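Hi there,

Here is the structure I promised to pass on. Have a look at it first, and then read on for my notes.

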2 protein chains.
Amino acid sequence: MNEYSVKKEVNDKYSLRGRVFHRIREDILNGKYRENEELREVAIGEELGVSRTPVREAFRQLELEGLIHIVPNKGAYVTGITSKDVRDIYAMRSLLEGLCARWATEHITEEQMEEMEENIYLSEFHAAKGHAEQLTELDSRFHEILYEASDSKMLKHTLSDFHEYVMRIRKQTLSDNTRSVQCNSEHRKIMEAIKAKDAEEAEKQARQHMINAYHHMAEHGLGAIYDSGREKNLKL
Amino acid sequence: MNEYSVKKEVNDKYSLRGRVFHRIREDILNGKYRENEELREVAIGEELGVSRTPVREAFRQLELEGLIHIVPNKGAYVTGITSKDVRDIYAMRSLLEGLCARWATEHITEEQMEEMEENIYLSEFHAAKGHAEQLTELDSRFHEILYEASDSKMLKHTLSDFHEYVMRIRKQTLSDNTRSVQCNSEHRKIMEAIKAKDAEEAEKQARQHMINAYHHMAEHGLGAIYDSGREKNLKL
DNA sequence: ACATGTATGATTGTATACAATCATGCATAA
DNA sequence: TTATGCATGATTGTATACAATCATACATGT
């Protein structure tokens, strides 16, 4: 349903600002607004039933997140992600998710551990049933749990950024069922290493998980969708 | 007409909006606004000579960067950097600076290589003379060159963020002369590995450089300045 | 025909007006 | 005394008015 439930709840409760921000972002991530499309403040404001002010504030945040690019006095344009950007992000994520898994091993709470196990159990169920939507949601949640378990505000923030950045691509990747199964098996390995308090192994598995996710993506349409015309040697 | 627009572009990279954002950001990082201090839109607007609108937009961005925390209908409060945050950032930087050095080895240009060598020569000169100011500047520049040489927009952006985040601490660290000497020696090792096209060694040295920088900082007043009351075991 | 200047409309940038909300302090009653 | 309710002021949230800027198209002169 909603990928960023925590953030959303906090913002939705009180102000338009959060709603506007998340609505526009979702529309970009879902591909409603396409690469290089110009976003006009009044048009989007009317669509969401608000004035320009909240829209502008949302634009500033979206720019900082890298989803749009604002040219002063001209307009806001949806930022394209090149295949090289994706490759670079996954390389960074590989290292940081590894670090995250290591720290999570040291700091995870009982409840987090239980939610993680439940997450994997559910994922395996939905993979067997072929429920793509739920799998996407559960995959996101698995990593969020990991981020929170690391007990590091900074690391969580950084990884969440990366995660959201590659969201649009991840969606179609996970809809491939063979990858879902392998993905779940990798999640399970990470979870078991954490449960066994084996930080070294958790780090290794988390890193490998990112590398595998990237390789699968690179081989299944990444180039076709986000063809930047460069850097086809996709070793990671 | 034309003269003005050209001049403007030269003067401020990102127009008024950017100036307001960067000014407030700098004031937070420099410690002008202290932890938990409430930032009022009108007060800051008056200080910068602008209305609330640009200030509000800047606040939204700063919140996303994690420098302030906005409570709806209440106010904006400066988020403190704890010693744990610094530790976490250095752990992340260690990995990513390593990756950066690796990629720099593969992509560095002639000019960048030359500027890096020149940077190290100058650093050694100023260290011998005890010029703290120049050393800070040169150290920042060394890492910037490295970021650009990596030829990765995403990595450069991430590392620049981290770099700025810990800037205020780095300043006093580098004013210690014994560390300056060691720091230069580590820069030299990184540079030589890159020059020898030894990516493995470059990565290793860059990682170690961050670990050393952090340890030195932790032993020279980090706790005193950024005492958050938690996490005193500063292993990295 | 081509280049240049200029009018025009559209869009963003900023300031301000007004509404909603919150914190504070005081008055009042148990 | 203590708790409750309300008035008041301060601050943020949103909408709108106005200024600055940019792109387009058309007119004019060569």
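**What I found at the interface**

Between chain B and chain A, about 3300 Å² of area is buried, and carbon and sulfur atoms give 60% of it. Please keep in mind that this is a predicted model. In terms of residues, 37 from chain B are in contact with 36 from chain A.

The polar side of this interface is worth a look too. The rule finds 6 salt bridges across the interface of chain B and chain A. A:D85 forms a salt bridge with B:K153, with 3.2 Å between the closest N and O atoms. Counting residue pairs in polar contact between chain B and chain A, with both residues at pLDDT 80 or more, gives 13.

Which elements give two or more residues to the side of chain B that touches chain A? They are helix 2 (15–29), helix 4 (52–65), helix 5 (83–107) and helix 8 (153–165) of chain B. Helix 5 of chain B provides the largest share of that side, with 12 residues. Sorted by class, the side of chain B that touches chain A has 16 charged, 15 nonpolar and 6 polar residues.

**How the two copies are related**

**Salt bridges**

Over all chains, the structure holds 46 salt bridges.

- B:E164 and B:R25 meet through their side chains in a salt bridge, at 2.2 Å from N to O. B:E164 lies in helix 8 of chain B and B:R25 in helix 2 of chain B, so the pair ties together parts that are 139 residues apart in sequence. Are the two partners buried or exposed? B:R25 counts as buried, at 5% relative accessibility, whereas B:E164 counts as partly exposed, at 32%.
- B:D27 and B:K32 also have side chains that meet in a salt bridge, at 3.9 Å from N to O. B:D27 is buried, with a relative accessible area of 10%, while B:K32 counts as partly exposed at 42% relative accessibility.
- In chain A, the side chains of A:E148 and A:K156 form a salt bridge with an N to O distance of 3.1 Å. A:E148 is partly exposed, with a relative accessible area of 29%, and A:K156 is partly exposed as well, with 31%.
- Finally, there is a network of salt bridges that links A:E41, A:R52, A:R56 and A:R60 with B:E57.

**Chain A on its own**

For the fold itself, chain A has 12 helices and 3 strands. Of the 236 residues in chain A, 55% are buried. Among the contacts in chain A with a separation of 6 or more, 72% are between residues 24 or more positions apart.

Definitions and conventions
Residues numbered from 1 in each chain as written. Chains lettered and ligands numbered in written order. Predicted model: local features only at pLDDT ≥ 70, side-chain atom pairs only at ≥ 80, totals over all residues. Heavy atoms only, no water. Contact = heavy atoms within 4.5 Å. Buried area = accessible area lost by both parts, 1.4 Å probe. Salt bridge = Lys/Arg side-chain N within 4 Å of Asp/Glu carboxyl O. Polar contact = N/O pair within 3.5 Å; in protein donor to acceptor, adjacent residues only side chain to side chain. Helix = DSSP H or I, 4+ residues; strand = E, 2+ residues; numbered from the N terminus. Nonpolar A, V, L, I, M, F, W, Y, C, P; charged D, E, K, R; others polar. Buried < 20%, exposed > 50% of the residue type's maximum accessible area, 1.4 Å probe, protein only.
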